[in-house]
Amino acid sequence: MGKNRILSGIQPTGNLHLGNYLGAIRNWVNLQEEYDSFLFLADLHAITVPHDPAKLAENTYEAAATYIACGIDPQKSTVFVQSHISAHSELAWLFNCITPLNWLERMIQFKEKAVKQGENVTVGLLDYPVLQAADILLYEPDRVPVGEDQKQHVELTRDIANRLNFQYGSEENPIIKVPEPLIQAAGARVMSLADGTKKMSKSDPSEMSRIDLVDPPEVIQRKIKRCKTDPVRGLEFDNAERPECNNLLTLYTLLSGQTKEAVATECADMGWGQFKPLLTETMVEALKPIQDKFHGLMSDRTYLESILQQGREKAEAIALMTLEKTKTALGYSKPL
Ligand code: ADP
Ligand code: TRP
């Protein structure tokens, strides 16, 4: 029996931040020991919001370097770029033709993003989860590790797979494997530094709301110094009236590697003036090895490109097999 497989990806739409690391990449680093891992850069998804063509390729390389800097090992995981494998777009088209429109109109992320884009909402934004279903199902993974916000998209993926199997396959002979989401509880949601009830996000217009993984120490210090807190003395987890307090303590817990109980005791009597420098120092220290490795990788483009090329070859071989069997099930003939 081979290892079970996982697949996940992030859109390279800007610098990756602490939420991406603690909610996603850090989990993949652990999972790659146990699973056959496929981790990619979702650069086709990146153009579903207005984008700058001059930055797309660079952002994609930077995100790939970030994966590796965070501990994704190209010897253990297959790392590749979505747009390098055209099977993603092709399978998305086939899925478009079996996905009811109202399944997409229901997606929370679409509704949220559509509000922001007003009249410029594209078909691509609506269709985003179908492309995501193609990304996933092409590799027939057992599990899809994502943050909580992506759970609905993985559920839609399961619905699309089941529909394909039901309409064009049979119960004994399903066409495609139906994956399960894998949601990691601790740190599953890192909140904005400006508002503890909103998630930290690349798309927040304020840079002060997030810590980018490449932020230098002085920037981290400034962001923590200015981040939103409350006037209560003494720090505690899980008080719904104090979302910022819970978020900052959670960040400290995750970055210092301590248990929640230990942090609750350590910080119970602290004021913000004492806690903020502690959090800053812990964050700077936790990010330093990642940043050193990131800068090293970005200055050796040939090495980075060779990793992505190897990843592409391995991933594409699998993707083409899945595409082929789906096309056959839908009734296409092979070209001579
Ligand atoms: P963003 O919202 O910043 O654009 P993405 O939607 O590209 O980030 O998310 C990439 C991955 O990182 C997903 O698996 C997502 O669940 C995770 N992620 C993003 N933001 C956070 C966050 N604030 N907390 C935890 N995980 C997050
Ligand atoms: N939509 C995901 C996000 O914003 C990125 C993504 C695209 C993805 N395709 C995927 C995640 C396939 C998991 C599996 O984070």
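Helices here are DSSP runs of H or I with at least four residues, strands are runs of E with at least two, and both are numbered from the N terminus.

Before going on, note that this is a predicted model, in which local features need pLDDT of at least 70 and side-chain atom pairs count only at pLDDT 80 or more, while totals for chains, interfaces and linings use all residues. Residues are numbered from 1 along each chain as its sequence is written, chains are lettered from A and ligands numbered from 1 in the order in which they are written, and side-chain values use heavy atoms, with hydrogens and water left out.

**Stop 1: the largest cavity**

Now show the whole lining: Gly-14, Asn-15, Leu-16, Asn-59, Glu-62, Ala-63, Thr-66, Leu-213, Val-214 and Phe-294. A cavity is a set of points, on a 1 Å grid over the protein atoms alone, where a 1.4 Å probe fits but cannot get out, and lining residues have an atom within 4 Å of a point. The volume of this one is about 70 Å³; a volume is the space filled by probe spheres set on the points, which are joined across faces, edges and corners. Colour the lining by class and you will find 5 nonpolar, 4 polar and 1 charged residues. For the classes, Ala, Val, Leu, Ile, Met, Phe, Trp, Tyr, Cys and Pro count as nonpolar, Asp, Glu, Lys and Arg as charged, and the others, Gly among them, as polar.

**Stop 2: ligand 1**

Next, select ligand 1 and the 16 residues that surround it, where a residue is near if one of its heavy atoms lies within 4 Å. The closest are His-17, Asp-149, Val-190, Lys-199 and Lys-202. Zoom in on His-17, where a side-chain N or O atom is 2.7 Å from an oxygen atom of the ligand. That is a polar contact, meaning a pair of N or O atoms within 3.5 Å. On its own ligand 1 exposes 530 Å², and the protein buries 95% of that, with areas from the Shrake-Rupley method and a 1.4 Å probe. Highlight helix H1 (residues 18-34), which gives the most to this shell, with 4 residues.

**Stop 3: ligand 2**

Move to ligand 2, which has 14 residues around it; Gln-11, Tyr-128, Gln-132, Asp-135 and Gln-150 come nearest. Which atom of ligand 2 does the side chain of Asp-135 approach? A polar side-chain atom of Asp-135 lies 2.7 Å from a nitrogen atom of the ligand. Gln-132 also places a polar side-chain atom 2.9 Å from a nitrogen atom of ligand 2. The protein covers 92% of the 370 Å² of accessible area that ligand 2 has on its own. Select H6 to see 4 residues of the shell, the largest share.

**Stop 4: the second largest cavity**

Finally, show Gln-109, Phe-110, Lys-113, Leu-125, Tyr-128, Pro-129 and His-153, which line the second largest cavity. The volume here is about 40 Å³. Helix H5 (108-117) and H6 each supply at least two of the lining residues.

Note on methods: A polar contact is a pair of N or O atoms within 3.5 Å; within protein, one must be able to donate a hydrogen and the other to accept it, and residues adjacent in sequence count only if both atoms are side-chain atoms. On a 1 Å grid over the protein atoms alone, a cavity is a set of points where a 1.4 Å probe fits but cannot get out, and a pocket is an open set with protein on both sides within 12 Å along at least five of seven lines; lining residues have an atom within 4 Å of a point.
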